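Mentor: Let us read this model one feature at a time.

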Amino acid sequence: MQVLKKNYINYIAILAFFFLLTAGCGRTGGDKTPTAETPVLTPSEQSEPAIEELMVKNPLTGLGMDKDRGGRRPLAVMIENETSARPQSGLNKADVVYEALAEGGITRFLAVYLGEDAGEIGPVRSARPYFIDFAMEYDPVYVHYGASQSAYSDLQKNRNIHAIDGIYDRVTFWRDKTRKAPHNAYTSTENILETAQKRGYLKPIDLKRWEFNEGGDSLPGESLKEFELVYFKNYTVKYVYDEDKEAYVRYINEKPHTDRKTGDPIVVKNIILQFMDTRVIDSEGRLAIKTTGSGTGYYISNGSYTRIKWQKPGRFEKTEYTVEGGGQLKLNPGNTWIQILPSQDKFKISD
């Protein structure tokens, strides 16, 4: 027994000596010197596997997003665009934004969120039937503050629409006292998700919306660095291509369209122009926009544009976009703004 104990002590001593020897030989000024057999990994290479495990592909942008967002219902929020509502909050965080005319010669937005959170979204305003049509293509939680009579009728008839209405909700929304009502109702993705969770709206879904170009490939098209969209005589949207950002900077009436919280201009990777029949339906100037059927448009990205066609069989079915000559439209990875216009002559290409 003593011999075994002595041998064990000697064994430990030898191991300790060997450890100190190798540790000393491997240090130079306190830094470990790699050998030819020891590859040196950059921080990005070291962390890449861990990042990939935590990310999934966002079906709305083609970019990576946190894994826990996979299968989550998007949030679709109505945002107003009257002069008193600008600058808005949260449009820069949306994956997809629709812009279409409302009454009074001004537009309104439907902003769809999935990949990023927004701490402030608004001002939130009322629903319209055609915005409900656009929203239902994403099976979202639909968020609005009031609605036209026909929009309320649609929301009540269709049980598949899970909506949060600020008229009947004082928890999800708040009023900003620095702005006048009704241009001061705001919410956030956190508030919406909390309410949606309590109401049982956050069912898992398999969202498939866009196809994306891989490896930076883009559709061939004609050069387009700057263009205007004339919605009304006193309301013009302009986009100017930024070579460094490889995206378009958005303007309203010749002024940068900025985010209220950050002050930064809104930058858009993909722009879809979609021409739809539009008509006035009442004395208040409310509109009907024919979202079904087929029509023409343009896809604009990476400093060029190409002609497209669109087709939507039913109100709550997805719009399919094809490029001129056939084939499904594939977007470049990034956010997308869909501009709904009443006619093609509203699209002005700058010289």
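This is a predicted model: local features need pLDDT of at least 70, side-chain atom pairs count only at pLDDT 80 or more; totals for chains, interfaces and linings use all residues.

**Reading the features**

Trainee: What is the relative accessible area of Glu246?

Mentor: Glu246 has a relative accessible area of 46% and is therefore partly exposed; the label buried applies under 20%, exposed over 50%, and partly exposed in between (1.4 Å probe, protein chains only). Residues are numbered from 1 along each chain as its sequence is written, and side-chain values use heavy atoms, without hydrogens and water.

Trainee: Where is Glu246 found, and what is its phi?

Mentor: Glu246 belongs to the loop between β15 (235-242) and β16 (247-252); strands (E, at least two residues) and helices (H or I, at least four) are DSSP runs numbered from the N terminus. Its phi is near 55°, a positive value in a residue other than glycine. Asn253 has a positive phi as well, near 50°. That residue lies in the loop between β16 and β17 (255-256) and, at a relative accessible area of 34%, is partly exposed.

Trainee: Which residues of helix α4 are buried?

Mentor: In α4 (residues 149-157), Ala151, Asp154 and Leu155 are buried. Viewed down the helix axis, the buried residues fall within an arc of 95°, so they line one face of α4; the arc is taken from the directions from the axis to the C-beta atoms. The face turned away from that buried side carries the exposed residues Gln149, Gln156 and Lys157. The cover over the buried residues of α4 includes α3 (129-135), β8 (141-144) and β9 (162-165).

Trainee: How many salt bridges does the structure hold?

Mentor: A salt bridge is a side-chain nitrogen of Lys or Arg within 4 Å of a carboxyl oxygen of Asp or Glu, and the structure holds 25 of them. In one, the side chains of Glu80 and Arg125 meet at 2.9 Å, N to O. This pair links distant parts of the chain, with Glu80 in strand β5 and Arg125 in the loop between β7 and α3, 45 residues apart. Glu80 is buried at 0% relative accessible area, and Arg125 counts as buried at 16%.

Trainee: Which residue forms a salt bridge with Lys261?

Mentor: Lys261 pairs with Glu120, the closest N and O atoms being 4.0 Å apart. These partners, 141 residues apart, again link distant parts of the chain: Lys261 is in the loop between β17 and β18 (267-268), and Glu120 is in the loop between β7 and α3. Lys261 counts as exposed at 58% relative accessibility, whereas Glu120 counts as buried at 12%. Salt bridges that share partners join Glu120, Asp176, Arg260 and Lys261 into one network.

Trainee: In which strand does Gln339 lie, and is it buried or exposed?

Mentor: Gln339 lies in strand β26 (residues 336-341) and is buried, with a relative accessible area of 0%. Leaving aside neighbours within four places in sequence, its contacts (heavy atoms within 4.5 Å) include Glu99, Tyr239, Arg250 and Ile272.
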